[in-house]
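Here is a short tour of one protein, with an eye on its charged side chains. Keep the sequence and the 3D view open as you read.

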Amino acid sequence: MHFQYCPHCGKKAERKQIGDEGLIPYCTQCEVPLWDMFTTSIIAAVVNECGEIALLRQNYVSQTNHVCVAGIMKLGESAEETVIREVGEELGLKVKSVEFVKSYPYEKKEMLMLGFRAVAEKADFVLSGEVDAAEWVKLEDAPGLLREGSIAWQLVRAVTED
């Protein structure tokens with residue numbers, strides 16, 4: 001989100017030089033810089049003890065490609081807690097461990113996606129209403145089911161190269 005008006009008082013923002021950051025929207029009434037804002041979310045490669053990864057089908061995301069578990073962080077929630085919650089909500093799985101892999105800027109949606117490897121025991125899925133289907137796929141086959149270059153594809157490649 002790019003500010004044109006102060007979210008605190010409503011005054012039109014002015015451009016002000018802020019240190020090494022350059023010209024930044026600034027509220028002269030509240031005396032605060034109005035930094036661009038983005039949504040923070042997680043994306044998780046959920047793997048099991050059999051060398052498989054859980055891939056989802058969410059038709060509202062893609063009609064042709066699989067995706068990984070992803071979701072928005074809630075206020076007061078850590079990224080790791082978000083991974084555990086989202087995997088539980090979307091797949092009905094209990095996460096045993098979480099490991100940070102890499103962050104991914106997603107400019108198209110003004111998001112920062114924090115990528116994780118989540119380990120869960122192989123089990124049947126209990127899908128949420130936002131997941132159309134899910135399946136366990138061999139790790140080496142997973143990149144071919146994801147949109148090449150996508151954040152999910154990058155994350156899965158990073159996890160499979162470990």
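Let's begin with Arg85, which is buried at a relative accessible area of 17% (buried means under 20%, exposed over 50% and partly exposed in between, with a 1.4 Å probe and protein chains only). A word on the basis: this is a predicted model, in which local features need pLDDT of at least 70 and side-chain atom pairs count only at pLDDT 80 or more, while totals for chains, interfaces and linings use all residues. Residues are numbered from 1 along each chain as its sequence is written, and side-chain values use heavy atoms, leaving out hydrogens and water.

Arg85 forms a salt bridge with Glu89, where a salt bridge is a side-chain nitrogen of Lys or Arg within 4 Å of a carboxyl oxygen of Asp or Glu. Both residues sit in helix 1 (residues 79-91), four residues apart, which separates them by about one helical turn. Glu89 is partly exposed, at 39%. The pair also belongs to a salt-bridge network that links Glu77, Arg85, Glu86 and Glu89.

By this rule the protein has six salt bridges, among them these:

| Pair | Closest N to O |
|---|---|
| Glu52 and Lys122 | 2.9 Å |
| Arg85 and Glu89 | 3.3 Å |

Which parts does the Glu52 and Lys122 pair tie together? Glu52 lies in strand 5 (residues 52-57) and Lys122 in the loop between strand 8 (111-120) and strand 9 (133-138), so the pair joins parts 70 residues apart in sequence. Glu52 is buried at 13% relative accessible area, whereas Lys122 is partly exposed at 40%.

Glu121 is in the loop between strand 8 and strand 9 and its partner Lys96 is in strand 7 (residues 95-106), so this pair ties together parts 25 residues apart in sequence. Lys96 is exposed at 56%, and Glu121 is partly exposed at 48%.

Now for the whole protein. It has two helices and nine strands, arranged along the sequence as β-β-β-β-β-β-α-β-β-β-α; helices (H or I, at least four residues) and strands (E, at least two) are DSSP runs numbered from the N terminus. The C-alpha trace spans about 60 × 30 × 25 Å along its principal axes. Of the 162 residues, 41% count as buried. Contacts (heavy atoms within 4.5 Å) with a separation of 6 or more come 57% from residues 24 or more positions apart.
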